[in-house]
Amino acid sequence: MGKILNQRTVIAVLVIFALVFPLIYADNRYVLHVMTIGFIFAISVYGMNLIAGFTGQLSLAHAGFFAIGAYTLGILTTRNEMNFWLALLLAVLLTSAAGLVLGLIALRTKEHFFAIYTLIVGYLIYLLIDKWDGLTGGVRGLIGIPIPDPIGPLTFESATSMYYLVLAFLLLSIFISVRIVRSLTGRTYIAIRNSEELAQTLGINTRINKLVSFVISVAYAGLAGALYASLTRFIGPDVASTNMVFNFLMYLIVGGIGTLSGPLVGTMLFIWLEQFLRSYQEYHLLIFGPILVLMVIFFPTGIVGGFYKIKAKLQHKKLPKESKYFNPVPEKSTEK
Amino acid sequence: MELFLQQVFNGLTLGSVYTLVAIGLTLVFGILHIPNFAHGALYLIGGYVTLVVMQSTGVHYFIAILASILVVAALGVLMERLVFNPLRNSPPIHDKIAAIGLVLFFEALVQLIWGTEYQRMITPFDNNISIAGVSMTSQRILVIVVAVVTVFLLTLFLKKTMIGASIMAMAQNREGAFLVGINANAVAMMTFAISGALAALAASLASPINLVFPAMGHLVILKAFVVVIIGGMGSIPGAIVAGLLLGMTESMGATYISNDYKDMIAFLLLIVIMTVRPKGLFAKGVY
Amino acid sequence: MAFIEVKGITKKFGGLTAVDNVDFEIEQGKITAIIGPNGAGKSTFFNLINGFHKPTSGRVFFEGRDITKLPVHLGARLGIARTFQTTHLFEQSTVIDNVIVGHRLRTKSKLFDAVFRTKREKQEEHNAYQKAMESLEFVGMEKIAQVPVSTITQEEKKRLAIALALATDPKVMFLDEPAAGINPDETEGLAQLMKKLAASGITICTIEHKMQMIMGMADKIMVLNQGAKIAEGTPNEIKNNPVVIEAYLGGEPIAEAN
């Protein structure tokens, strides 16, 4: 019980920190902007975590879905002048629908083939956006994407208000992730990651479960993309590039794949690292690339996984105690 | 008709390059079950080493290629030793991620050392010649000739030498090969060396036609994956057939359909094929 | 009506015949064993009943129902459980956490229940936990329910795999070499467990190499050689069957061979 209280305290402190953060940096649009972008990317990384970290299928098409979300919102709000909220909803739905179609086909392939297949689909989405001038504006991209429409007295003109809006979506995304992972459904996903054959002999319909998990993860990407479009007001084909998905993956691995806090830790860490190394332009990858390699070799469960491993070692001396009637999936148990 | 012949010829050139890259990829894939996303980085470095050696020392194109082959083969071996070997017992997701880390690193490294500009590689083979009414640079003929000779020599090596036979045995049946006592480490290193050498050769041959730049590996590697999957994991004949098929399709597609969308042809082809046959066209029954 | 009936089943991989026209029946509540040299097609035979492989020809009936083409997970729901030679356990997780998912097939909670933590979700989580705990008690592991799997012994892992299968509420359990890689004392304990399972009404069908164990507990034995059934009968009949002795042990009587 003590541990849970402890965990709750940490979460409460973090949430309060996130809530008061804009008050500390009220005049610093740059800091708020970076934070907001970080939150958006984190939403997308939570999505990848669900399919790759918990269900065990490495999808490399997520930048493509991020872009579909971004472009759907961008096109609907600029060309069709649709209400932002309706456009946001449609962006998530359309991305999910695209994910459903891809999932139906791609999930017939396994392991390496799935990764390659999704990588190629992601690249195809990039090419489509880049070449389909009439719809997407091609290399020029889409400009003048509006900020969210006000809801009653709530407006989203300031950096602070956008920050809170994105934060709300992030918290919702994390909340849903936690609920899923710590449910029977989440156990089902983890069983599939563990061994698809075993999961089938346990009566689990792996096809349906993988598909559902894939579609949710794609919906996360779509939501993140749509928010990104509205925040930056401009999008180009680059949002669909393979580098984008490689970045997401890097955040996920370093933070901790298959853990519940890993995506947030990894994303926020890298977002700020990238800012500090900004003067080195693309060369920060000289450090990030090897970090990624070293992480998978030596700390395959990332920062969060490593933390829990150490903690488990320290606690191991204690004898097993009477459990609560239901034992939630502890984070340390969710690593690959 | 001339246009058509011209396209056949271009298709052959393109297909030769894809084949060389894909053979390296398919060997690594078939033997070690690693989809080496970092293969594109080997290709990239191969192109730059040839260019830089020529520019800085003024040696003949062929000598520069040789140097490039050695450097990149060594790099392939290093990759295997330092990264993929330690990961051989990890879950399959890990080596893919490590490969992605390598891509990010090498691309940044190339940019740091050699800059982001597009560079021309000038070779002694940029003169035009004309055969049967089709005019082409002798570089393109060189590409095809070298590719044919290389594939021939490689096949000979794989069939006639001990280590070559081990590689083929492992490509066909990994567990079985272990049982008969093949030195898996030696085979793995050799495979990566061959794979790197082929990537360097392909890049050096294609660069005088396509220019040298930091992103030059992206499209090639993705297309090589298409070739590997169509041709069947671990199959060299499959890689040759599929490589040429892809080269032809693209060359024809660019002319008769749309130059803008020519890069999509390969990917659409793959998506259609994998939709129908999730393990590729020539995949063996038992995985 | 036979409980499980296999009729003329054949499986070919390319040119190789892994299972060759086998007829076989499994009686309810009994312990049936399949023996045979390595590569005799035993695991393939399991995979055919289980649904991982679709036979080239022949049929499989479960309680009179044709399950030849039934997907694996639906077979599990009918009550067909199985374990594997290598157990894919979730090493970093606790023993109980590994078993809870075994009862998933008897629950109905969906994504919606997960996100909103509905009454159904809570109730079913509770049921799954209870079931897992019962299964662990059955195999004698309730005391180490909260221990990480990475710290338990090989023999405990074998029991855990059985507990996991047990949590699915099976009618029949197919065990693929449950005693491989454990010592003779532990083998005895495992044999006891299998008898206990049979006594509780669960039909057992096992592949095993440890002859002593099999001879001591099986009600019926089938011998496969090169994919074909060469003998079938009680342990005594098998022990003295000249064809079996010839094919399986090159002339040595089985009883001494262990």
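# A guided tour of the predicted complex

Begin with chain C, coloured by confidence: helix α5 (residues 119-138) of chain C has the highest confidence there, with a mean of 94, whereas helix α11 (residues 254-257) of chain C has the lowest, with a mean of 44. Next, select residues 253-258 of chain C, where the pLDDT is below 50 and the model has 12 contacts beyond near neighbours in sequence. A caution applies at this stop: where pLDDT is low, the predicted coordinates should not be read in detail. For chain C as a whole, the average pLDDT is 88, and 96% of the residues score at least 70. The structure on the screen is a predicted model throughout. For the complex, the predictor gives an ipTM of 0.89 and a pTM of 0.89.

## Chain C as a whole

Along the principal axes, the C-alpha atoms of chain C fill a box of roughly 65 × 40 × 35 Å. The radius of gyration of chain C is 19 Å, which agrees with the value near 18 Å that a compact globule of 258 residues would have.

Switch to a surface view of chain C. The accessible surface comes to about 10700 Å², and carbon and sulfur atoms account for 49% of this area. Of the 258 residues in chain C, 56% count as buried. Contacts may be displayed next: among those in chain C with a separation of 6 or more, 65% are between residues 24 or more positions apart. Finally, select the charged side chains of chain C. There are 31 positive and 31 negative charges, and their mean positions are 8 Å apart.

## Chain A as a whole

Chain A has 14 helices and 0 strands. The radius of gyration of chain A is 20 Å, close to the 20 Å that the globule rule gives for 336 residues, so chain A is as compact as a globular protein of that length. The C-alpha atoms of chain A fill a box of roughly 65 × 50 × 45 Å along the principal axes.

Colour chain A by confidence. The mean pLDDT is 86, and 91% of the residues of chain A reach 70 or more. Which helices of chain A have the lowest and the highest confidence? Helix α1 (residues 2-24) of chain A is lowest, at a mean of 78, and helix α10 (residues 206-232) of chain A is highest, at 95. Then select residues 319-336 of chain A: the pLDDT stays under 50 over this stretch, for which the model has 60 contacts beyond four places in sequence.

With the surface of chain A displayed, the accessible area comes to about 13500 Å², of which 68% belongs to carbon and sulfur atoms. In chain A, 60% of the 336 residues count as buried. Of the contacts in chain A between residues at least 6 apart in sequence, 78% join residues at least 24 apart. Select the charged side chains of chain A as well: 25 are positive and 15 are negative, and the centres of the two sets lie 12 Å apart.

The tour now turns to single residues. Select L119(A), which is found in helix α5 (residues 111-131) of chain A. Is L119(A) buried or exposed? Its relative accessibility is 4%, so L119(A) counts as buried, the cut-off for buried being under 20% relative accessible area. Beyond its neighbours within four places in sequence, L119(A) is in contact with L60(A), T242(A) and F246(A), and also with F37(B) and L222(B).

Next, select R233(A), in the loop between α10 and α11 (242-255) of chain A. R233(A) is not a glycine, although it has a positive phi of about 65°. The relative accessible area of R233(A) is 39%, which makes this residue partly exposed.

The last stop is in chain B. Select L211(B), found in the loop between α8 (184-210) and α9 (216-231) of chain B. L211(B) has a positive phi of about 75° and is not a glycine. With a relative accessible area of 31%, L211(B) is partly exposed.

Conventions
Residues are numbered from 1 along each chain as its sequence is written. Chains are lettered from A and ligands numbered from 1 in the order in which they are written. This is a predicted model: local features need pLDDT of at least 70, side-chain atom pairs count only at pLDDT 80 or more; totals for chains, interfaces and linings use all residues. Side-chain values use heavy atoms; hydrogens and water are left out. The radius of gyration is taken over C-alpha atoms; the globule rule is 2.2 Å times the number of residues to the power 0.38. Buried means under 20% relative accessible area, exposed over 50%, partly exposed in between (1.4 Å probe, protein chains only). Contact means heavy atoms within 4.5 Å. Accessible areas come from the Shrake-Rupley method with a 1.4 Å probe; for residues, only the protein chains shown count as cover. Lys and Arg count as positive and Asp and Glu as negative; His and the chain ends are not counted. The place of a charge is taken as NZ of Lys, CZ of Arg, CG of Asp or CD of Glu. pLDDT is the predictor's confidence in each residue, from 0 to 100. Helices (H or I, at least four residues) and strands (E, at least two) are DSSP runs, numbered from the N terminus.
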